[in-house]
Amino acid sequence: MTGMLDMDIIDISTLTHVVPPLATTLAALPALPIAGINWHSVLFLLFAGLACGFAIAVVAADNVVRMALYLVFSLGATAGLFFLAGAEFIGAMQLMIYVGGTLVLLVFGVMLTAQAPLVSIKPSSSDRTLTAVAGASLLSLLLTAAFSVDAWRGPGVGVVPAPSATPLGMALVGVRVDEPPAGTPVGGRVGYMLPFEIVSVHLLVVLVGAAYLARAKRRRTPRPIDALASAMPVETVATAAPVATMAPTGRSAGGAKSALVGGGR
Amino acid sequence: MAEFLIGLGLPGWVAWSIAALVAAVLLLNVIAGGALVFIWAERKIAARIQDRLGPTRTGGRFGWLQSLADGIKLLAKEDLMPEGADGLLFRLAPYVSFCASFCAFIALPFAFDVVGQRLNVGVFFVVAVLGLEVFGVILAGYASASKWSLFGAMREAAQVVSYEVPLGMCVVVPVMLAGTMDLVTIGEKQAGWMSSWYLFHDPFTFIIFWVYVTCAVASVNRAPFDLAEAESELVAGFHTEYSGLRWSFFFMAEYGSMFLVSGLAAVLFLGGWNGPVPVARLLGFSDGTGESAAYVVRLVGLANLMGKATLGVLFMMWIRWTLPRLRIDQVMTTCLKYCTPIAAVMFAGAMFWQLFLPGGLFPGWGRPAGEIREGWLEGPGGLPAAASPAEDRSSTVTGGDPVERAGLATRSPR
Amino acid sequence: MDLESLLPTLLGLAWLLPLASFAVILFAGPRLGDHGKGAAGVATAAIVGSFVLSLMAFISWVAQHPVHAVAHDDHGGAHASADGSHGSPASHDSASSHDSHGSESAHRTVDEGAGHAGPPVSYSGDWYTLYEGGRLRLTIGWYVDALTVLMFVMITFIATCIHVYASGYMHDELHDITDHEVHLADGSHLHRPGRFHRFFQALSLFCFSMLGIVIAGNLAMVFIFWELVGICSWFLIGFYYERKSASNAANKAFIVNRIGDFGMLIGLMALWGALGTLHFADSTGLDGQARPGLFSLVRPPVAGHAQWVPDGMVKFAAAEKVGAVLRSYPQDPRAGVEQVEAKVEDWRDEGYGRWLLLVAGLGIFCGCIGKSAQFPLFVWLPDAMEGPTPVSALVHSATMVAAGVYLVGRFYPVLTPDALLVIAYVGAITLLIAASIALVANDIKRVLAYSTVSQLGYMMLALGVGGWLAGLFHLVTHAFFKSLLFLCSGSVIHACHTNDMRKMGGLAKVMPWTSGTMLVGCLAIIGAGVPFLDIGLSGYYSKDSILAQALLFARENPSHSILFYAVAGGAMLTAFYMFRLWFMTFAGQPRDHHVHEHAHESPPVMTYPLVALSVLAVVAGWTLPGGFGIANLIDQARPAGTGGTELGGLLFRAFTVPAEHASHAHDIHVTASLTAFATAASGVLLAAAMYVWRVIPPAVVATAAKPLYTFLANRWYFDEIYRFLFVLPVLGISRLVSATDTGVIDKFIEGLAWGAKQVAGFDAWLDRTLIDGLVNGTANATWHAGLELKKLQTGQLRQYVMFIALGTVAIFILAGLLLHSSFAG
Amino acid sequence: MPDLIEDDPRIIEFDVRTDEMLVNMGPQHPSTHGVLRLVLRTDGEIVSETEPHIGYLHRCAEKIGENLSPRQWIPYTDRLDYLAAMNMNLGWALTVEKLMRHEVGEKARHLRVLISELNRISSHLVGMGAYGLDLGTFSPFLYAFREREKILDLFEEACGARLTYSYITVGGATADLPPGWLQRCEAFLDQFEPIIKEYHALLTTNAIFVKRTAGIGVLSRAMAIDYGCSGPVLRGSGVDQDMRRDGESLYTGMYDGYAFEVAVQKEGRYPRDHSYPTVPSEAVLGDCWHRFFVRMLEVVQSMDLVRQAIDRYAACPEPLSEPLKLFEKLPVGDAYLETEAPKGQMGFYIVGNGTPIPWRVRARSSSFSNLSVTHELCRGCLIADVPAIVGSLDIVMGEIDR
Amino acid sequence: MMGLVLATASVASLAPCLATIPLFAVNPFTEPVGVVHYLIVGAVLFTAGIACMTLKRNALGILMGIELVLNGANINFVAFASPYLRAEGAPTLGLDGQVVALFVILLAAAEAAVALAITLNFYNNHATVDVDRADDLKG
């Protein structure tokens with residue numbers, strides 16, 4: 001999704017290349033106001049808009065399946081944001097696990113429980129009001145906090161050199177190979193071997209537990225084969241066959257029908 | 001290309017937009033055009049397998065225009081929607097499927113550096129995006145308001161989610177051998193003779209390749225794993241209620257995915273764009289010999305990869321017209337009881353092999369993996385180090401070989 | 001690669017291949033091919049692989065250590081004179097001189113033969129150390145010398161032949177089988193699925209174990225594999241375990257062997273307890289310390305490889321004295337230790353530890369008695385013929401039973417002359433008893449079984465009278481021709497579906513290959529050859545050297561000349577019963593036409609091994625002009641210090657174990673070979689007279705010597721004696737013990753339980769009323785408190801979330817207000 | 001009868017609360033063999049009830065038969081089991097002959113054996129191919145049809161029609177075989193024989209096929225008899241019953257002198273005079289695999305019979321007996337005769353009242369009885385097993401709905 | 001409609017910020033975006049998630065709300081980790097931010113699995129997914 005616009009067949013060029021030529025072109029063509037567009041930022045605006053819009057749509061939608069769909073789009077757009085922020089691995093991770101795995105699970109659950117009255121359970125209007133108030137106050141609080149630090153407000157560098165997942169991978173196995181950013185105290189930089197292992201085990205345990213919780217507990221599980229055991233052996237057929245053939249017994253199609261009707265809920 | 005356009009005097013943003021558009025159209029044609037060819041091929045192959053002739057008339061000989069004619073018919077067909085359907089989702093579903101299948105092509109290299117966008121996490125990206133295709137199917141099944149569709153969708157969901165596990169494990173093995181998730185690097189590390197393909201790296205990769213083939217067939221819903229559209233059971237599964245163009249989008253997505261997993265198999269296991277015999281290298285062509293030579297090398301590579309991927313697709317067709325379909329519980333058994341454990345064991349085996357015999361089965365053959373363009377490949381984004389404007393930055397962030405900088409000397413092959 | 005590392009690699013692989021085959025068949029068994037048909041292929045491939053590897057090892061050995069005539073070159077004058085210089089008078093002289101300053105050894109080796117001054121070329125080492133701590137060191141190791149290499153080749157070759165043969169012989173097992181010898185309760189015969197793969201599974205395990213004995217570098221390992229071959233033998237004898245006789249025979253073999261192994265354990269413990277090592281050769285521990293092996297302890301190089309009682313045994317035996325010495329130095333233990341070391345020589349001269357050495361040697365020999373079916377434990381071997389014939393050929397004639405002989409040979413340096421004398425007598429008794437029973441047996445396999453026992457007696461006797469080379473040489477040649485004989489008999493049984501020789505006869509025409517090869521086998525076993533030209537079949541050479549050694553021994557020790565007569569008489573009996581067998585089976589007119597009509601030559605897969613083995617039965621004893629021959633090869637492995645004459649024993653001082661190469665002296669050699677020829681010829685002629693020409697009808701003989709015939713036909717009543725002496729008492733005691741257990745001990749325990757139950761009842765009452773009341777009261781109080789508190793919980797999930805959200809906002813706003821921070825800018 | 005369901009041990013219950021769904025399979029479903037309609041009550045993928053609905057192809061054939069003379073009704077019998085029209089013709093012709101106490105000549109007898117066994121092959125080929133289709137493999141279907149076309153060519157040559165033959169008729173057959181037909185038939189058999197191995201490779205021994213069929217839809221011996229199943233369905237359950245051997249003498253007399261062994265598993269073994277594949281270990285007697293396999297065996301058996309019939313037919317010197325007149329008066333009385341059609345025992349009943357038009361005509365269809373076991377077999381199976389089970393019964397709706 | 005309400009609320013709450021803070025010191029069309037832009041997205045996602053959790057009676061809706069909340073947090077982590085959203089050479093969280101984001105994703109997957117299983121069980125026992133009826137344990 002993210003790569004669509006900076007796609008190139010023969011050459012490898014990312015937006016890295018864009019900026020210097022852009023600057024010169026900008027200087028050369030002052031008449032075109034659009035020439036000054038920073039595509040990185042525009043892409044950000046696009047994905048940010050998608051993410052926020054679909055997030056709000058999730059809140060607004062009543063149908064569970066649609067909610068799930070909007071959520072997928074919102075999370076996909078978030079993945080795009082991660083790509084833009086130089087966290088390619090996290091972005092791919094987001095796509096794979098969140099959007100792929102989590103959401104499939106969710107949709108699966110939706111399907112299993114998709115009875116007509118349950119698809120949309122409408123909240124009361126008082127709930128809506130209360131939620132609006134709480135949401136607005138929370139949002140304003142968060143935004144206030146976001147804008148409160150001067151260092152966060154300025155423009156970024158905006159250049160995205162091709163990142164590498166190697167430092168991340170090395171950190172996960174316990175070795176830090178990334179350069180500390182300037183001003184970071186050097187001591188205390190540790191790898192993530194232990195958390196990584198803990199998370200792995202946690203994930204395993206959780207999956208086992210989930211499978212246990214949600215598994216279908218069969219009360220009686222005889223196979224159709226078991227009928228063989230209870231069937232009585234009948235040795236002779238020569239006499240029985242014509243009688244049976246002319247008048248099928250009560251357990252044939254007619255029997256099934258009445259059983260079906262009688263057993264229907 | 002973009003530089004070329006800029007050189008013509010076009011403003012940069014226009015140049016970039018045009019370049020991107022051209023790339024997108026090219027990729028789209030791989031899917032759409034490929035689907036046309038493959039549908040025709042499938043009809044002919046199926047016919048030949050079944051002792052028939054298949055299409056013979058449309059377009060003169062061999063019926064080669066048959067799929068185009070079908071396409072036109074589909075375009076002209078009325079797009080029906082069942083009355084109880086969820087309109088939005090019903091309309092959206094085919095495009096979700098198609099887009100997912102299409103997006104994954106962005107990261108698939110067709111030859112050395114002939115790639116939509118070279119991604120550092122290319123393998124990951126492809127597998128992740130390919131997994132999104134199932135959304136379209138689920139939505140289609142849900143929105144169709146048909147029980148058969150719902151059955152198909154549920155089967156698809158269960159199947160694809162399960163098969164992603166062994167598929168991921170299979171994919172990780174070449175990643176581990178190459179030490180990178182970058183598909184271009186993975187492909188380039190298999191340069192040389194056929195013996196340096198990862199398929200022949202060690203017995204474990206050989207076995208895991210077949211696990212991959214199984215899982216790939218299952219994850220793109222082809223027989224004998226085409227449970228989601230099993231026509232003898234579910235009428236047509238998730239696309240029972242679809243017709244016309246929307247249906248054809250599902251169809252294109254299916255063929256696109258087939259080509260994609262085959263291409264991925266080619267890059268990961270079958271040497272990518274490197275032929276069985278390094279013809280170009282033997283003839284003395286390489287990137288260093290000049291611009292035209294570089295193009296020749298890429299064209300040969302392109303032909304190689306397309307050939308391999310096409311072979312993979314044909315293999316799937318062959319299977320489809322030969323085998324009966326499995327039952328859903330058997331499909332799940334295949335995944336959970338066979339593919340996953342085998343993949344896990346093979347993964348561990350390949351790991352140990354790599355630990356003790358990193359040279360593979362034929363270490364003396366071809367060239368040591370990635371010897372020629374090693375330094376160039378390992379540079380950020382695969383760019384020649386000198387040409388990268390971001391070099392300074394990257395050297396502070398990721399430059400050099402971080403592993404070696406950390407003082408962890410890699411094991412040298414013994 | 002040098003031999004040092006090449007040999008263990010090759011032989012180790014050859015050793016492990018059958019194990020791999022065993023594992024494959026064990027896990028994949030019935031799925032290998034059609035009804036497990038592939039199992040034969042797997043096992044055969046493994047053993048062929050082993051054979052090839054062994055052959056490679058053999059060739060590389062021979063290339064590195066060319067086989068020359070060392071002591072066999074007895075026609076050369078130089079050697080004869082050398083032998084003469086080591087004649088008996090000189091020996092006595094030096095013996096007495098040694099006695100005068102007898103500080104070196106109790107039994108000393110006087111004569112160092114020309115080629116035997118130093119220890120033999122051998123390679124030893126450890127693959128894996130299982131445990132090392134204190135004095136105990138257990139390893140998986142190897143000890144490889146010429147004998148080992150030869151044994152490997154022999155075992156793998158015979159096993160190969162037998163695998164091939166068995167894949168034809170066991171063909172019936174591929175399908176469901178109706179066993180006509182098993183009668184079920186309803187009178188029908190047992191119908192069971194075939195066990196083809198299981199047979200080869202056991203066979204592979206056996207090969208692995210047998211090779212393990214041979215390659216073993218220490219006695220512990222030998223013991224492990226000793227037991228493993230025992231269990232394999234148990235599997236294989238009891239292969240048709242539905243048959244009562246087969247399962248009984250298997251159990252018998254196993255139990256009887258345990259008796260012998262008990263003795264072996266005693267020997268092992270004596271060695272380990274006193275010497276702290278079970279390694280044959282010197283080794284280096286994980287700590288880098290050199291640890292002398294058994295051989296160098298018992299025959300230290302410093303003493304010129306003469307046998308003496310090792311320090312450890314002396315100290316062990318003189319434990320009281322050692323304690324006394326140590327106690328006398330309470331302040332300075334180190335001085336005490338030094339004092340002990342200084343006194344060891346004195347104690348040795350006083351004779352401490354001699355008994356221990358003897359016990360160790362005889363203990364190990366006990367194991368060999370069991371495994372090699374020597375008197376009095378030989379009763380299991382004839383019964384073991386219940387197993388399939390290939391098993392009889394491989395396990396119960398060529399290899400496993402030879403393991404006892406092999407072990408005595410390997411352990412030879414540690415055996416004292418007394419022990420050797422015991423061995424010789426045991427061998428002689430065995431040889432005569434078994435041969436006499438074989439005279440009247442009618443079951444073709446039983447004849448061969450008793451013949452095997454008898455031949456094993458030969459080997460033991462040979463070893464006992466000092467013929468180390470002769471015994472082991474006979475072991476090898478015997479393996480070839482006895483497996484040949486068994487396979488031939490198997491072929492006959494396969495054709496006639498009966499074991500009874502009385503129903504056979506005249507089969508030579510219908511089974512030309514079998515009869516021919518069996519004739520070769522018979523000729524080889526009786527030692528047919530031309531005395532003066534010195535040309536004969538393999539048995540000729542080995543039997544000759546045994547006779548020669550026995551003759552020499554008899555000359556040196558006239559009081560033990562009975563041994564020579566036993567050998568000579570045994571040779572005659574052998575010739576008689578072997579040719580009785582051949583004549584009854586192949587010659588003359590068919591006795592049972594029904595059997596004869598059905599008889600047919602066996603398929604090629606069975607006859608090819610016969611031919612291969614018969615070729616070896618002919619040539620195995622030959623020595624090529626350059627001196628290359630099995631005998632010389634074995635001689636390369638002669639343990640250090642055992643080539644010479646041993647004077648006097650511990651108990652029987654007045655006897656001499658003569659040096660072996662003395663027996664190559666011309667006169668002795670000629671006498672021996674003439675004796676051999678005469679006895680063999682007379683045996684053959686007698687057999688021919690009785691069974692071909694009918695000059696002396698066998699029935700007449702049987703009636704004439706009715707009591708003797710009955711005695712022999714009943715196998716000297718050994719089984720009955722053993723039953724009366726051992727089995728019945730054990731059963732009686734067991735019943736008594738069982739009655740005691742149920743009648744007395746169980747009653748007592750039940751009484752105790754009743755008492756405990758009463759106490760517990762009281763306790764329960766206390767628990768319910770007092771303690772439970774307390775606990776319940778506490779719980780009730782908590783319960784009521786909880787009832788009051790629960791109203792705080794509304795159960796509305798969304799409410800909780802709302803509380804959290806609003807709470808967060810509130811906290812931050814409050815904090816901002818209170819702290820006057822710059823939140824809101 | 002709800003209590004019947006409650007007590008049925010085969011019903012599977014889950015702790016998970018899932019909704020049952022009524023699913024309509026057919027009459028236009030791809031794998032319901034014509035216009036059968038099955039109403040499935042499913043719980044997820046698991047089918048708890050299957051209710052077959054029939055009648056979509058009802059044409060009042062029996063009533064029409066009461067308004068036509070027996071020979072006129074022959075074309076209607078073609079449309080009963082339209083895949084085995086010759087056998088339908090034969091059953092009706094024999095019944096009428098039984099009523100009229102008419103005996104056909106020796107040559108006609110062998111011709112009837114020849115033709116009806118050939119038609120049995122073609123019917124089983126369809127059954128086999130369509131079964132592959134039900135299991136999701138398309139190719140065997142076309143392989144089967146390729147061979148069937150050759151049989152149809154032979155039939156076309158004999159009677160002019162490719163599906164509805166009306167060839168065997170009361171009193172013999174409408175025409176004698178054209179010259180050279182026997183040689184072509186033999187040639188066909190010779191080239192067809194090795195092809196059976198292909199079918200075994202593609203289906204019978206295919207691992208997926210075995211997994212899909214073995215142990216699925218087990219029809220016990222007792223149940224098969226209770227429901228009046230017949231033909232390969234009955235024999236697939238191990239009941240040694242074949243009308244060609246056990247039927248009325250009028251019918252079995254037709255096979256006098258023919259050597260054939262009923263294709264049924266006896267004492268755990270099928271007759272082994274050909275190199276059939278071995279029974280897979282997962283297969284249970286009476287399951288879909290056995291029903292399918294019995295059909296495959298019967299193809300070989302019929303080929304044998306056709307070969308024997310060719311020899312005997314060629315050896316008959318006399319001309320083919322003439323069929324009866326179109327309006328021959330029927331005697332007063334009734335007759336019922338069952339023949340062994342490819343699908344099972346096909347019975348016809350006729351009551352004559354002295355006029356050329358019968359007073360009553362009834363047909364007893366094997367597929368009807370065979371179909372009646374579906375609800376028993378499908379209870380507790382998966383949806384994918386439903387086509388597998390119904391396909392293994394090899395029903396033809398024309399015969400059921402009549 | 002709910003969306004409208006919420007959007008209005010957001011804009012309303014934004015207004016004072018816009019008034020006091022030089023937000024458009026960065027022109028997002030011409031200049032590279034900074035951390036604060038990401039933070040805004042994160043805040044919106046977070047709030048939407050919380051709103052989802054308080055509003056939806058469907059248990060699955062609540063699960064989706066949780067996912068949104070976690071994503072909002074994740075965006076913040078990634079934003080703080082990225083050196084490209086800061087001025088040249090400004091200190092960032094660096095790799096630590098990405099790693100934490102990674103763990104959050106993983107734990108979210110685990111959480112979703114368990115929550116889904118709980119929901120299924122709840123459905124099995126109550127035949128509904130309405131969390132308002134999940135008050136069996138109320139006091």
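Colleague: Where does Ala373(C) lie?

Modeller: Ala373(C) sits in the loop between helix 13 and helix 14 of chain C; helices (H or I, at least four residues) and strands (E, at least two) are DSSP runs numbered from the N terminus. Mind that this is a predicted model, where local features need pLDDT of at least 70, side-chain atom pairs count only at pLDDT 80 or more, and totals for chains, interfaces and linings use all residues. Residues are numbered from 1 along each chain as its sequence is written, with chains lettered from A and ligands numbered from 1 in the order in which they are written.

Colleague: What is the phi of Ala373(C)?

Modeller: Most residues other than glycine have a negative phi, and most peptide bonds are trans. Ala373(C), not a glycine, has a positive phi of about 55°.

Colleague: Is Ala373(C) buried or exposed?

Modeller: Count C-beta atoms, placed from the backbone, within 10 Å of the residue's own: 20 or more others is buried, 12 or fewer exposed, in between partly exposed. Ala373(C) has 31 such neighbours inside 10 Å, so it counts as buried.

Colleague: Which residue of chain D has a positive phi near 50°?

Modeller: That's Ser166(D), again a residue other than glycine. Ser166(D) is in the loop between helix 6 (139–159) and strand 4 (168–169) of chain D, and counts as buried because 21 C-beta neighbours lie inside 10 Å.

Colleague: How many residues of helix 18 of chain C are buried?

Modeller: 20 of its 21 residues, so mostly covered. Just after helix 18 of chain C, Gly466(C) takes a positive phi of about 100°.
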